[in-house]
Amino acid sequence: MEQSGTLLAISVDPVGDNSRVANKNRLDFPILSDEQRDVVWEYGVLHQGAGPGGSDVSLPAMVLIDCSGTIIWRHVSQRIQDRPTPEAVLKLVSTLDS
Amino acid sequence: MPDTQDSRQNHGRAGGRAAVALLVTLAGPVAYMLLLDNARLRASGAPAFGLMATGAALGLGAMWFDRRLRVRLAGVFNILFLGAFTYAFFWMMALPPSNVVAIGTSAPEFVLPDQDGKPVALADYKGAGPVLIVFYRGYW
């Protein structure tokens, strides 16, 4: 099913790690590196102290933004193994006008 | 009480049932790991809970017919294992609540390097269609 739109991944890992993951899994979307945790914090998904050595990581989350830059949907996982299915997300995206 | 041929066979069967029960219980987490790709199975834990519940039931059944220590230990192990997995699955996997950005607000702007080191700005995509940002935990 073809769907227009952009997928961006954000992780706190450095560029090198994201590059390795992208190559290994043949991912063709941008994986952005937020090492300062600034963006993760601004979006309200910082998970303090949950990483190795007490470092801060991100909560697993998705944010859908329409073409005017407004947030129209978001989901934050309440358990590590809980993720929205691709079908559920695609259905949401398809309801957007642009 | 003399150990009759009959009761030896009963013991053998119960012993076998207890062993099968243990294997079924231990297969629970293994099946769960193998089926992680299915979102519903992963979120519900169904493969693990189904197998472990079966193992626990089989173990209890074996205990009913055979009071030998090893059969009772196996039966109790199944139940403890199911309990430990349940705890891990629901309690340890829980994530704290967040103050994630609210619906209807403007998405905060950012510029971050992609996997090739190229800076990517959210503003690059404004007007070009919807943008889905997926936040990963990190430390892959």
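This is a predicted model: local features need pLDDT of at least 70, side-chain atom pairs count only at pLDDT 80 or more; totals for chains, interfaces and linings use all residues.
Local features were considered at pLDDT of at least 70 and side-chain atom pairs only at pLDDT 80 or more, whereas totals for chains, interfaces and linings use all residues. Residues are numbered from 1 along each chain as its sequence is written, and chains are lettered from A in the order in which they are written.

Chain B contains four helices and three strands (DSSP runs of H or I over at least four residues and of E over at least two, respectively, numbered from the N terminus), which follow the pattern α-α-α-α-β-β-β along the sequence. Of the 140 residues of chain B, 29% are buried, that is, have 20 or more other C-beta atoms, placed from the backbone, within 10 Å of their own.

At the interface, 41 residues of chain B are in contact with 60 residues of chain A (C-beta atoms, placed from the backbone, within 7 Å). Helix H2 (39-44), strand S1 (111-113) and strand S3 (131-135) of chain B each give two or more residues to this side, and S3(B) gives the most, with five residues. Strand S1 (residues 6-11) of chain A pairs with S3(B) in the parallel sense over five bridges, where pairing requires at least two DSSP bridges, and Thr6(A) stands opposite Val131(B).

Terms used
Two residues are in contact if their C-beta atoms, placed from the backbone, lie within 7 Å. A residue is buried if 20 or more other C-beta atoms lie within 10 Å of its own, exposed if 12 or fewer, and partly exposed in between; C-beta atoms are placed from the backbone.
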